[in-house]
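Visitor: Hello! Could you walk me through this structure, one question at a time?

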Amino acid sequence: MLPAPQSPTNRPVASSLHPPLVVNDLKKVFGEETDTVSEVIANISISLGHGEIVSVVGPSGCGKSTLLNLLCGLMPRTAGEVLWYGGVSTGMPKRVGYMLQKDLLLPWRTALKNVTLGLEIHNISRGDRMERARKLLDTIGLNGFHDYYPSTLSGGMRQRVALARTLANEPEVLLLDEPFAALDFQTKLLLENDMARLVRSQRRSLLLITHDIEEAVSLSDRVIVLTHRPARIRAIHEIDIDVDRTDMMAARESPNFNQYIRSIWSELEVQRQT
Amino acid sequence: MSVEHHHIAGAAVDVPSDATLGAPGRRRRGRAFRAVGDNTLVIACQIAVLVVLLASWEFATTNSALNAFLFGSPSAIWGFLFEMWRDGSLITDTRITAYETLLGFVVGNVLGTLIGLALWYSRFVSRVVQPFIVALGSIPIIALAPLCIIWFGTGLISKVAMATLSVVVVALITAYKGAMTVDVDQINLMRTLGASKRHIFRKLIVPASLGDIFAGLKLTVGFALIGAIIGEFMSSSEGLGHAIFKAGSLYIIPKVFAALVVTIALALCLTYVVGKIEKMLTPWRQQ
C-alpha cells in the first residue's frame with residue numbers, strides 16, 4: 001500500500017486561505033407551505049479543512065442525505081449559511097465532486113465514456129479527456145474494462161467507474177453519500193483503501209456521509225455524530241490512529257479503533273431509545 | 001460471453017461478489033433451455049396452428065358454395081394473390097400504402113417526439129398544453145378522415161396526413177413520459193458535474209428517453225398503417241386500402257383477404273425494420 005505522500009507537487013492549488021467548506025447554523029424544514037411541517041435539520045455547523053477527511057454518521061433517516069443536497073445547492077436551505085472557500089454559494093460549487101450509493105452510470109455509455117462525461121461538459125478536448133479517463137480507470141484497477149457497458153460490470157467495478165467519473169473533474173473537495181454501502185465487505189475495503197490513497201496523496205478534502213461506523217473511523221480524521229430527526233450534532237470525535245491512514249485493515253487493528261467504535265455506537269444507541 | 005466475462009472479473013482486482021459468481025451459471029442454464037427446447041418448439045407449434053386453421057378453413061369452404069362466397073378460401077385467396085402479383089397491382093398498391101405509411105410514420109414521430117421531449121424543458125408549458133394533448137388524443141382518427149380529404153385532397157397528402165395524425169399524439173406522449181421519468185438523482189448528478197440544462201437535455205434526457213421512444217415507434221408503425229388505410233378507404237384510386245374497399249364493395253371476399261394478407265405482411269416488415277434500427281441505435285441494451 002502506498003504511503004500518503006504529501007509533496008507540494010501533488011497538491012492541487014488551494015484557491016484561497018479559507019477552508020474549503022464551512023457550514024454555519026444550517027437548518028432545513030420541509031413542507032413550510034403546507035400544514036405538515038417537518039424539521040429535518042435543526043442546527044448544524046461543520047467545517048472541512050484542506051486535506052481533511054470528515055465523516056458524518058447518524059441514525060438512518062436522520063437527514064444525512066438532505067444535508068449533502070443542501071451543501072451542493074441541490075435543495076434550498078431554510079436558514080444558515082454554506083461557505084465554499086469563504087464565499088456564500090448558490091448552486092453547485094466548482095471543484096467539488098459528488099458521489100452517491102447508486103452509481104448513476106449512464107447505461108448507454110461505456111465505462112470510459114462515463115468517466116469523460118464531466119470533462120465533456122467542461123469542454124475539454126476529446127484527446128485530453130480520453131487520456132485523462134484512461135489513466136484514471138487504470139489507477140483505479142479497471143484496465144481492460146474501458147469499453148465495457150455498465151450492465152456488464154460488477155457492482156464494485158461500477159462504483160469504481162463512478163469514483164473515476166467524480167475524480168475526472170479533479171475536484172478539490174469530494175462529497176460522498178454512502179458510496180460503498182451497496183458493496184460486499186472485501187470490495188468495500190479495497191475501494192476504501194483506493195479512495196484514501198487518492199484523496200490523501202493529492203491533499204483533497206473529503207466529506208463522507210455514512211451509516212457505517214467502522215468505515216467512518218478507519219477512513220476519517222474526524223467523525224461527526226448526528227442525532228435523530230431533526231438532526232443536530234451530538235458529538236465530534238477527532239480520530240487519532242497512529243497508522244498509515246490509507247490502510248483500512250491497519251486502522252481496524254490499531255488499539256484505539258474499538259474505543260472509537262464503541263463510543264460512537266453508544267451515542268447512536270442512546271438516541272434509539274429516546 | 002458470460003463465461004468469458006466471469007473469467008475476466010475473477011482476474012481483476014475486484015473480488016468477484018456473489019452476484020458475479022452466481023449469475024453466469026444460472027444464465028447459462030436458462031439460455032440452453034431456451035435455445036434447444038423453447039424456440040424450436042414455439043415455432044413448430046405456431047406453424048402447426050396455422051396449418052390446422054388453413055386446412056379446416058379450406059375444408060369448410062370446399063363443400064359449401066355459400067361458405068366459399070361469404071368466407072373465401074385459402075386456395076382462392078392464394079389465387080388472387082397470384083393474380084395481383086401478375087397484373088402488377090400487388091406491387092403498386094403495396095408500394096403506395098407503404099410510402100404513405102412511412103411518410104406519416106416519420107413525420108408524426110419526428111413531430112411528436114420533438115414536441116414531447118421539448119415539453120421537458122418547461123413544466124409550466126407542459127402543464128398548460130396537457131389537456132389539449134389529451135383532447136387531441138381522444139379524437140377517433142376515423143372522424144378526421146373526411147376533414148383530411150377536404151383539406152388535403154384525394155391524393156397522397158391526405159393519406160400521409162391521416163397516418164401522421166394517428167401517430168403524432170402517441171409519439172408525443174411516449175417521448176414526454178420518457179423524458180419526465182428520468183431519475184432525479186441522475187439529473188442532480190449532471191448538475192454536480194456542472195451541466196447546464198442544455199447539457200442535461202442532450203446528454204441525459206434524450207438518450208434516456210430512447211427506450212420509451214422506440215417502444216412508441218413499434219406501436220405507431222401499426223397506427224400509421226391504420227391511418228393510411230382509413231385514408232384510402234375514404235377516397236383513393238390506389239393502395240391496399242383501396243383494393244380492400246373495392247373488392248369488398250364488389251363482394252369479392254377472397255380478394256379482400258388477399259389484400260389483408262399483404263397488409264399484414266407489410267405491417268410485419270415495417271415492425272421488423274424498426275426493431276432492427278432500434279438494435280443498431282441502442283447497442284448497450286443487447287446483453
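Visitor: Is the crossing of α4(A) and α5(A) left-handed or right-handed?

Guide: Welcome! This is a predicted model, in which local features need pLDDT of at least 70 and side-chain atom pairs count only at pLDDT 80 or more, while totals for chains, interfaces and linings use all residues. Residues are numbered from 1 along each chain as its sequence is written, and chains are lettered from A and ligands numbered from 1 in the order in which they are written. A crossing is left-handed if the near helix is turned anticlockwise from the far one by less than a right angle, and right-handed if clockwise; for α4(A) and α5(A) it is right-handed.

Visitor: Which word describes how α4(A) and α5(A) lie to each other?

Guide: Helices (H or I, at least four residues) and strands (E, at least two) are DSSP runs, numbered from the N terminus. Helix α4 (residues 126–139) of chain A packs against helix α5 (residues 155–168) of chain A at an angle of about 135°, with axes 10 Å apart. Axes are lines fitted to C-alpha atoms, for helices over the stretch in contact, and angles run from 0 to 180 degrees between N-to-C directions. Angles under 35 degrees count as roughly parallel, over 145 as roughly antiparallel, 65 to 115 as roughly perpendicular and the rest as oblique, so this pair is oblique.

Visitor: Which strands stand at the edges of the sheet in chain A?

Guide: Ten strands of chain A form an open sheet with mixed pairing, in the order β5-β4-β1-β2-β10-β9-β3-β8-β7-β6. Two strands pair if DSSP finds at least two bridges between them. Each edge strand has a single partner, so one side of it is left without a neighbour in the sheet; the edges are β5 (87–88) and β6 (96–99).

Visitor: What is the bridge partner of A:Arg222 in β10(A)?

Guide: Strand β9 (residues 222–226) of chain A pairs with β10(A) in the antiparallel sense over five bridges. A hairpin of four residues joins β9(A) to β10(A). Across this pair, the bridge partner of A:Arg222 is A:Glu238.

Visitor: Is B:Glu100 buried or exposed?

Guide: B:Glu100 belongs to helix α5 (residues 89–118) of chain B. A residue is buried if 20 or more other C-beta atoms, placed from the backbone, lie within 10 Å of its own, exposed if 12 or fewer, and partly exposed in between. B:Glu100 has 30 other C-beta atoms within 10 Å, so B:Glu100 is buried.
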